[in-house]
Amino acid sequence: MAAALVVLPLGAGPTRAADPIPVVATFSILGDFVRQVGGDRVAVKILVGPNGDAHVYNPTPADAKSVAGAKVVFVNGLGFEGWMQRLVKASGTKAPIVTATTGITPREMADDDDDHDHDPKAKAKGKDAHAGHDHGATDPHAWQSVANAKTYIANVRDGLIAADPDGKATYEANAGAYLAKLETLEADVKGAIEKIPASERRVLTSHDAFGYFSGAYGITFLAPQGISTEAEATAKDVAKLIRQIKKEKVKAVFIENMTDGRIVERIAKETGIRLGGSIYSDSLSPETGPAATYIDMVRHNVKLLTAAMAGA
């Protein structure tokens, strides 16, 4: 008996996966969050990459092109990207701008930090540095609390679903899996820090970016700079900090991966406390480094911080 001839309709057969949607994230930590939730459904363009400093970044024409072609753009908000509004205007993009810190209670700086603006020149002229992002003394580094990172993930998930409804199940599943990892991470961080006596939880960093971490986990961070890496410490600031270090018996100082460490090195030399290594605040490391993802970054920082505070 002859085999029956089966005729397939045109277009039948295995379906090709849809092309990933173009997405922009302003800096590497936020880009990692978007990749974790988006998975293979997104192609993420990160404007300020590993070891980059978003405080002083100058967007390029290529950045404008990326923003113009994006299906959705993710920003940190809280005045972190002072250049973003200009970039959006220059790009002419119609993509929705999703603020990943929506729903997070901003941390306000102490009174003695109020003079540290992301753009001292703008402040001197009586103008806000961010033209529409009047953050005042708001600390934008909200991701330094793992609890806040969970809010970032929820906002990223919802932003991707709005931009790509067909991917809703994928985004929800990926976000759920990552949130479970963050639960484990937060428990590990708290457990590690709780082993250090409260009186020993003092360190010095090169840039005041750990306020949310301090509030969440009970470590006192001292810094010769304010919230912005543009806010240079004066000789008076450094002298005051040296006196405070000696008084409070700080055990170690840390240089952040995207800042000039010369002031910190000078302070370490004058006080006799040791350099505890490089920690990550505003950006991730390259893929070959110790902080290629957000979770890797937090674990790396906690390992160095607890070892220093314990006197290891």
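Predicted model: local features only at pLDDT ≥ 70, side-chain atom pairs only at ≥ 80, totals over all residues.
Me: In what order do the four strands of the open sheet stand?

Reply: The order is β2-β1-β3-β4, and the pairing is parallel.

Me: Which strands stand at the edges?

Reply: Look for strands with a single partner. Here they are β2 (42-48) and β4 (97-99), so one side of each is left without a neighbour in the sheet. Neighbouring strands are also turned against each other, by 25° on average, direction ignored.

Me: How many bridges join β1 and β2?

Reply: Six. Strand β1 covers residues 21-27, and its pairing with β2 is in the parallel sense. For one place to look, find Val23, which stands opposite Val44 in β2.

Me: Now the helices. What describes two packed helices?

Reply: The angle between their axes and the distance between the axes. Take α1 and helix α5 (residues 146-163). Their axes come within 9 Å and cross at roughly 55°. The two helices are therefore oblique to each other. The crossing of α1 and α5 is right-handed.

Me: How much space lies in the second largest pocket?

Reply: About 200 Å³.

Me: Which helix gives the most to the lining of that pocket?

Reply: Helix α1 (residues 28-38), with four residues. The lining includes Ser28, Gly31, Asp32 and Arg35. Also among the lining residues are Ile46, Pro50, Leu284 and Glu287.

Me: What does the lining look like by class?

Reply: The second largest pocket has four nonpolar, four polar and three charged lining residues.

Key:
Residues numbered from 1 in each chain as written. Heavy atoms only, no water. 1 Å grid on protein atoms, 1.4 Å probe; cavity = no way out; pocket = protein on both sides within 12 Å on 5 of 7 lines; lining within 4 Å. Points joined across faces, edges and corners; volume = space filled by probe spheres on them. Nonpolar A, V, L, I, M, F, W, Y, C, P; charged D, E, K, R; others polar. Pairing = 2+ DSSP bridges. Axes fitted to C-alpha atoms, helices over the stretch in contact; angles between N-to-C directions. Parallel < 35°, antiparallel > 145°, perpendicular 65-115°, else oblique. Left-handed = near helix turned anticlockwise from the far one by under 90°.
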